[in-house]
Amino acid sequence: MLNPQSVPGKVVQESLHGSIVPIVNENILWEYDNVLYRPKFKFNPDSVKILLDDLQKRAIFSKEAEINDILSDPNDTVFFAVLSEIRKYKPAYSFIPTSFTSSCVNQSLT
């Protein structure tokens, strides 16, 4: 579904293999749902549901830390915020927040 050579594709592969654990919250899951079901990508809705269900099962759910920094892409704030919250309790290298943006999704693979 996602280009396996793209960053999102690699993150999904590593998440599904258990090499990394995605950090999510309701806003991130909403973003994944919103992006992957967009008609312009023509992804099979059943495949999207399976992917999102699998990622959700493997994910760590986190609150968002308050972020005072200004990021170059404001849409990335939620990902930085959940990572910052998790870092309060675990070493930074233990977690990777996952971010799927429409510009990273390969439209040719379905």
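Predicted model: local features only at pLDDT ≥ 70, side-chain atom pairs only at ≥ 80, totals over all residues.
The protein chain contains four helices and three strands. From the N terminus on, the order of elements is α-β-α-α-β-α-β. Of the 110 residues in the chain, 35% are buried. The accessible surface comes to about 6,800 Å². Carbon and sulfur atoms account for 51% of that surface. Among contacts with a separation of 6 or more, 66% join residues 24 or more positions apart.

The largest nonpolar core comprises 21 residues. Within this core, the residues with the most contacts are Val-24, Ile-28, Tyr-32, Leu-36 and Phe-43. Four elements each supply at least two core residues: strand E1 (22-24), helix H2 (26-36), helix H3 (45-58) and helix H4 (77-86). In soluble globular proteins, nonpolar side chains tend to be buried together.

Helix H4 is largely enclosed by the rest of the structure, because eight of its ten residues are buried. The buried set consists of Val-78, Phe-79, Ala-81, Val-82, Leu-83, Ser-84, Glu-85 and Ile-86.

The packing of H2 against H4 was examined next. Two packed helices are described by the angle between their axes and the distance between the axes. For H2 and H4, the axes come within 10 Å and cross at roughly 145°. The crossing is left-handed. On the H2 side, the contact involves Asn-27, Ile-28 and Tyr-32. On the H4 side, Val-78, Phe-79 and Val-82 take part. By class, this contact has five nonpolar residues, one polar residue and no charged residues. An α-helix has 3.6 residues a turn, so residues three or four places apart point the same way.

Phe-79 lies in helix H4. Its relative accessibility is 7%, under the 20% cut-off, so Phe-79 counts as buried. Phe-79 and Ile-28 are separated by 51 residues in sequence. In space, their C-alpha atoms are 7.4 Å apart. Ile-28 and Phe-79 also both belong to the contact of H2 with H4.

Leu-52 is placed in helix H3. Leu-52 is buried, because its relative accessible area of 11% is under 20%. Beyond its neighbours within four places in sequence, Leu-52 contacts Tyr-32, Asp-33, Leu-36 and Tyr-37. Tyr-32 and Leu-36 are also among the core residues with the most contacts. Leu-52 and Tyr-32 are 20 residues apart in sequence, with a C-alpha to C-alpha distance of 7.7 Å.

Met-1 is found in the segment before helix H1 (7-17). Met-1 is partly exposed, because its relative accessible area of 24% falls between the 20% and 50% cut-offs. Met-1 and Val-48 are 47 residues apart in sequence. The C-alpha atoms of Met-1 and Val-48 are 8.2 Å apart in space.

Lys-42 is found in the loop between H2 and H3. Its phi is positive, at about 55°, although Lys-42 is not a glycine. Most residues other than glycine have a negative phi. Lys-42 is exposed, because its relative accessible area of 66% is over 50%.

Key:
Residues numbered from 1 in each chain as written. Heavy atoms only, no water. Core = buried A, V, L, I, M, F, W, Y, C linked by side-chain atoms within 4.5 Å. Buried < 20%, exposed > 50% of the residue type's maximum accessible area, 1.4 Å probe, protein only. Contact = heavy atoms within 4.5 Å. Areas by Shrake-Rupley, 256 points an atom, 1.4 Å probe, with all protein chains shown as cover. Axes fitted to C-alpha atoms, helices over the stretch in contact; angles between N-to-C directions. Left-handed = near helix turned anticlockwise from the far one by under 90°. Nonpolar A, V, L, I, M, F, W, Y, C, P; charged D, E, K, R; others polar.
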